[in-house]
Amino acid sequence: MTAEYGNTTELLLSRIRDVPDYPKPGVLFKDITPLLADPEAFTALTDALAGLCAAQGATKIVGLEARGFILAAPVAVRAGLGFIPVRKAGKLPGATLRQAYELEYGTAEIEVHAEDLAPGDRVMVIDDVLATGGTAEASIELIRRAGAEVAGVAVLMELGFLPGRARLEPALSGAPLTALITV
């Protein structure tokens, strides 16, 4: 790990606020809004994620609803790549690909516009937090169903005490999973 990466990690960590007992008692919520409000930290985050996209030869970036949009869109601009939103089912007009996935208590579905991804695309998935990995796993399936290749998954923060990484590794088929911060 380079000194610059270490400095970026320290900067990002210093701008993430712990909010105890939110959204319910016993939960320590990691609030990234102070990071987003700080232009130096937000720029460092954008640059770090754009560098990961370049290193993996990504040609497009998928952002996962909703906070993933906030991170992925400026990364796409910085990297000179297209941005594709992956949304909750029913939020996109036109022809979509839909993927169901399991939640802790029930199921959910996400969608992508069918024409936004194509064979030959190398797609980097970007989100704010990796928790259980369900949404990221479903997005990987959508990317492959569209005929595109998964370049990797990059997140600002991984909750290491949850099984997200273990769940994603088989789906990644060797593509990298990078968390800038693990808590």
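User: Which residues are buried in helix H6 (residues 164-172)?

Analyst: This is a predicted model, by the way. In helix H6, the buried ones are Gly164, Leu168, Ala171 and Leu172.

User: What makes those buried residues of H6 line one face of the helix?

Analyst: Look down the axis of H6: the buried residues fall within an arc of 95°, so they line one face. There's a general idea behind that: an α-helix has 3.6 residues a turn, so residues three or four places apart point the same way. On the other side of H6 you'll find Ala166 and Pro170, which are exposed.

User: What do the buried residues of H6 pack against?

Analyst: They pack against E7, helix H5 (134-145), strand E8 (149-158) and strand E9 (177-182). And just after H6, Ser173 takes a positive phi of about 50°.

User: Okay, on to charges. Why is the pair Arg17 and Asp31 called a salt bridge?

Analyst: The closest N and O atoms of Arg17 and Asp31 are 2.2 Å apart. The cut-off is 4 Å between a side-chain nitrogen of Lys or Arg and a carboxyl oxygen of Asp or Glu, so this pair counts. Arg17 sits in strand E1 (residues 17-20) and Asp31 in strand E2 (residues 28-31), so the pair links distant parts of the chain, 14 residues apart.

User: Is Asp31 buried or exposed, and how do you know?

Analyst: Asp31 has a relative accessible area of 8%. Buried means under 20%, so Asp31 is buried.

User: What about Lys30: which residue does Lys30 form a salt bridge with?

Analyst: That's Asp18, with the closest N and O atoms 2.7 Å apart. Again the pair links distant parts of the chain, Lys30 in strand E2 and Asp18 in strand E1, 12 residues apart. Both count as partly exposed: Lys30 is at 22% relative accessibility, and Asp18 is at 40%.

User: Why does the salt bridge of Lys60 and Asp121 tie together separate parts of the sequence?

Analyst: First the bridge itself: the closest N and O atoms of Lys60 and Asp121 are 3.2 Å apart. Lys60 lies in strand E3 (residues 60-64), and Asp121 in the loop between strand E6 (106-113) and strand E7 (122-130), so the pair ties together parts that are 61 residues apart in sequence. Asp121 has a relative accessible area of 12%, so Asp121 is buried by the 20% cut-off.

User: How many salt bridges does the structure hold?

Analyst: The structure holds 12. There is also a network of salt bridges that links Arg98, Glu109 and Glu111.

User: And rings? Why is the pair Tyr22 and Phe29 called edge-to-face?

Analyst: The structure holds 2 aromatic pairs. In the one with Tyr22 and Phe29, the ring centres are 5.2 Å apart and the planes are at 80°. Centres within 6.5 Å make a pair and planes over 60 degrees apart count as edge-to-face, so this one gets that name. Tyr22, at 45% relative accessibility, is partly exposed, and so is Phe29, at 26%.

User: What makes Phe69 and Phe83 an aromatic pair that is edge-to-face?

Analyst: Phe69 and Phe83 are 6.1 Å centre to centre, with 85° between the planes. That's within 6.5 Å and over 60 degrees, so the pair is edge-to-face. Phe69 lies in helix H4 (residues 67-79) and Phe83 in strand E4 (residues 82-88), so the pair ties together parts 14 residues apart in sequence. Phe69 is partly exposed at 22% relative accessibility, and Phe83 is partly exposed with a relative accessible area of 30%.

Conventions: Residues numbered from 1 in each chain as written. Predicted model: local features only at pLDDT ≥ 70, side-chain atom pairs only at ≥ 80, totals over all residues. Heavy atoms only, no water. Helix = DSSP H or I, 4+ residues; strand = E, 2+ residues; numbered from the N terminus. Buried < 20%, exposed > 50% of the residue type's maximum accessible area, 1.4 Å probe, protein only. Phe/Tyr/Trp six-rings, centres within 6.5 Å; stacked < 30°, edge-to-face > 60°. Arc of directions from axis to C-beta. Contact = heavy atoms within 4.5 Å.
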